[in-house]
Amino acid sequence: DIDFSRNKFRVRGDVVEIFPVYSNENGIRVKWVERMKHTIALIAPHFTMKRQLDDYYEKFYNKMFERYRKFSENNAQLAKEYSEWKIKMSRLWNSIELLELNIPDTENAGFDLDDIFVAKLSLNLGNIEAEHIGVEMIIADKENNLINDYTLIAPFELISVNNKRADYEIKIKTSRAGVHNFAFRIYPKHPLMQYRMELPLIKWI
């Protein structure tokens, strides 16, 4: 046997004896093989190809199959309506106008912790239905005019619709004090749209 003192270990069969550097007592005996087998038995089922395939089916494939089924029914009626909607949105997108924007003056005064940030904006949607327009706020960390990370993306609430005018509002409790870098953007939405890249239209405010 080698000298078994602090900051040393020794192996005897499937047992590892460890003498921690901070301990004045005897070393710690660990049944290494038994510990490893137990650890593998706990972890391995969560990192198998079956688990990965199950995730793919649950998160992506099953949703795609269901969507394909819906789009195929009634001689692809839903698919035709969705395609017509995308064509209409592309044609009318540039007609959206910003009428009003009310935001806090963050250039001259920052926020205290737990302050409520309130922003309101009004849009002239022209011939676009309000339920097909989404508005959201983006807060980001910036350094040298470059965005390092998006810290918050939150949707506006549609407050009212009057003729072609739609009013939106957002209220957010700030999670940290100081000055925040934020912007707003408008995007199309539809119940049949799974991903925004299906219709990559956007307006920044």
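This briefing walks through the sheet, the nonpolar core, a few individual residues and the salt bridges of the structure above. Please keep in mind that this is a predicted model. Four strands form an open antiparallel sheet in the order 4-5-9-8, and the largest nonpolar core holds 29 residues. Eleven salt bridges are found in the structure.

**The open sheet**

- The sheet runs in the strand order 4-5-9-8, and its pairing is antiparallel.
- Strand 4 and strand 8 (157–162) stand at the edges with a single partner strand each, so one side of each has no neighbour in the sheet.
- On average, and with direction ignored, neighbouring strands of this sheet are turned by 20° against each other.
- Five bridges join strand 4 (residues 97–102) to strand 5 (residues 116–124) in the antiparallel sense. As a handy landmark, Leu 98 has Leu 123 in strand 5 as its bridge partner.
- Strand 5 also pairs with strand 9 (residues 165–173), again in the antiparallel sense, over nine bridges. Here you can look for Ala 119, whose bridge partner in strand 9 is Ile 170.

**The largest nonpolar core**

- Among the 29 residues of this core, those touching the most other members are Leu 123, Leu 125, Ile 133, Val 135, Met 137, Phe 156 and Tyr 168.
- Two or more residues come from each of helix 2, strand 5, strand 6 (133–143), strand 9 and strand 10.
- Helix 2 is the element that gives the most to this core, with five residues.
- Leaving aside neighbours within four places in sequence, Phe 156 is in contact with Ala 119, Leu 121, Val 135, Glu 136, Met 137, Tyr 168, Glu 169, Ile 170 and Phe 184.

- Ala 154 is found in strand 7 (residues 146–155). Its relative accessibility is 11%, so Ala 154 counts as buried.
- Although Ala 154 and Met 137 are 17 residues apart along the chain, their C-alpha atoms are separated by 5.3 Å.
- Not counting residues up to four places away in sequence, Ala 154 touches Glu 136, Met 137, Ile 170 and Ile 172.
- Arg 185 belongs to strand 10 (residues 181–188). With a relative accessible area of 14%, this arginine is buried too, because the cut-off for buried is under 20%.
- The side chain of Arg 185 has a polar contact, at 2.5 Å, with the side chain of Glu 136.
- Beyond residues up to four places away in sequence, Arg 185 touches Gly 134, Val 135, Glu 136, Ile 138, Ile 153, Arg 196, Ile 202, Lys 203 and Trp 204.

- Ser 95 sits in the loop between helix 2 (49–92) and strand 4. At 33% relative accessibility, Ser 95 is partly exposed.
- A polar atom of the Ser 95 side chain lies 2.5 Å from the backbone oxygen of Leu 92.
- Setting aside neighbours within four places in sequence, Ser 95 is in contact with Asn 124 and Leu 125.

- Lys 50 forms a salt bridge with Asp 54, and their closest N and O atoms are 2.8 Å apart. The two are separated by about one helical turn because they lie four residues apart in helix 2.
- Within that pair, Lys 50 is exposed at 58% relative accessibility, whereas Asp 54 is partly exposed at 38%.
- Arg 67 and Glu 198 meet in a salt bridge at 2.7 Å, N to O. This pair links distant parts of the chain, 131 residues apart: Arg 67 is in helix 2, and Glu 198 is in the loop between strand 10 and strand 11 (203–204).
- Glu 73 and Arg 69 form a salt bridge at 2.4 Å, N to O. Both lie in helix 2, four residues apart, which is about one turn of the helix.
- Glu 73 is partly exposed, with a relative accessible area of 36%, and Arg 69 is also partly exposed, at 40%.
- Through salt bridges that share partners, Glu 66, Arg 69 and Glu 73 are joined into one network.

How values were computed. Residues numbered from 1 in each chain as written. Predicted model: local features only at pLDDT ≥ 70, side-chain atom pairs only at ≥ 80, totals over all residues. Heavy atoms only, no water. Buried < 20%, exposed > 50% of the residue type's maximum accessible area, 1.4 Å probe, protein only. Polar contact = N/O pair within 3.5 Å; in protein donor to acceptor, adjacent residues only side chain to side chain. Contact = heavy atoms within 4.5 Å. Pairing = 2+ DSSP bridges. Axes fitted to C-alpha atoms, helices over the stretch in contact; angles between N-to-C directions. Core = buried A, V, L, I, M, F, W, Y, C linked by side-chain atoms within 4.5 Å. Salt bridge = Lys/Arg side-chain N within 4 Å of Asp/Glu carboxyl O.
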